[in-house]
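Here are my notes on this model, point by point. Please read them with the structure open.

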Amino acid sequence: MSETAELDSVDWLILEALQNDATLPNRSLAERVGIAPSTCLQRVRRLRDLGVITGFHAVVDPRTTGLPLEAVVSVNVRPHTRPVVAAFRRFVMAQPETRSLFHVSGQADFLVHIAVADSTHLQAFLMDKIASRAEVRNLTSSVVLERVETRALTPPDDQRPTHRRRRV
């Protein structure tokens, strides 16, 4: 989606509820936001069609899966060209340790969030998988001491719509 979707106050209530619990049945979601179930279903479909909702997923605690050590790895690549960036992106996203990848501006070119079993696994990931790539010029890693959950995306109070969209 390249354009900003026009969202009204009910759309934002739906988005907030689904971000906090994507397993909400349509009837419960409709009750929570104060609209009919059929209207709620239409609105959720519209939000998906517009690309506002891009998917639903389960949040998994890496500690319970044997991957308790998380780190954020800052990586610089050279040359910083589209083909090099695309190849690095594909490589990193294919690694099972990768949780998320950000192509950023600033001191680093990429921030890679990973989950690994222990410090030996972290060292192997950094040395054998990342640092061994020809385009990687430098990297630094920061061990995550505490992960605070991502919260639901909501508009700032001064930008929160107070109106409902009119049917066209």
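**Notes on the model**

1. Pro-96 counts as exposed, at 67% relative accessibility. The classes are buried under 20% relative accessible area, exposed over 50%, and partly exposed in between, with a 1.4 Å probe and protein chains only. Pro-96 sits in the loop between H4 and strand E2 (98–103). Its C-alpha is 11 Å from that of Leu-67, and the two residues are 29 apart in sequence.

2. A word on the basis. The model is predicted, so local features need pLDDT of at least 70 and side-chain atom pairs count only at pLDDT 80 or more, while totals for chains, interfaces and linings use all residues. Numbering runs from 1 along each chain as its sequence is written, and side-chain values use heavy atoms, with hydrogens and water left out. Helices (H or I, at least four residues) and strands (E, at least two) are DSSP runs, numbered from the N terminus.

3. Domains. The assignment gives domain 1 (9–50) and domain 2 (62–143). These bounds come from an automatic or database domain assignment. The C-alpha centres of the two domains lie 36 Å apart.

4. Helix H3 (residues 37–49) has 13 residues and should span 18 Å at 1.5 Å a residue; its end C-alpha atoms are 18 Å apart, which agrees. The expected span is 1.5 Å times one less than the number of residues. Which residues of H3 are buried? They are Thr-39, Cys-40, Arg-43, Val-44 and Leu-47. They cover an arc of only 135 degrees around the axis, which puts them on the same side of H3. That arc is taken from the directions from the helix axis to the C-beta atoms. Ser-38, Arg-45 and Asp-49 are exposed on the other side. Helix H1 (9–20) and helix H2 (26–33) are included in what covers the buried residues. Just after H3, Gly-51 has a positive phi of about 85 degrees.

5. The largest nonpolar core has 19 residues. Such a core is a set of buried Ala, Val, Leu, Ile, Met, Phe, Trp, Tyr and Cys residues joined through side-chain atoms within 4.5 Å. Val-75, Val-77, Phe-88, Phe-110, Val-112, Ile-114 and Leu-122 touch the most other members. Strand E1 (69–77), helix H4 (82–93), strand E3 (110–116) and helix H5 (119–130) each supply at least two residues. E1 gives the most, with five. Another core, of 17 residues, lies apart from it; Trp-12, Leu-18, Leu-29 and Leu-47 are among them.

6. The structure holds one aromatic pair. The ring centres of Phe-88 and Phe-110 are 4.8 Å apart and the planes are at 45 degrees, so the pair is tilted. Rings of Phe, Tyr and Trp (its six-membered ring) pair if their centres lie within 6.5 Å; planes under 30 degrees apart are stacked, over 60 edge-to-face, and the rest tilted. The pair links distant parts of the chain, with Phe-88 in helix H4 and Phe-110 in strand E3, 22 residues apart. Both are buried.

7. His-113 is in strand E3. Is His-113 buried or exposed? His-113 is buried, with a relative accessible area of 17%. Not counting residues up to four places away in sequence, His-113 touches Glu-70, Ala-71, Glu-97, Thr-98, Arg-99, Ser-100 and Arg-147. Contact means heavy atoms within 4.5 Å.

8. Check the backbone at Pro-79. The peptide bond from Arg-78 to Pro-79 is cis, with omega near -5 degrees. Pro-79 lies in the loop between E1 and H4.
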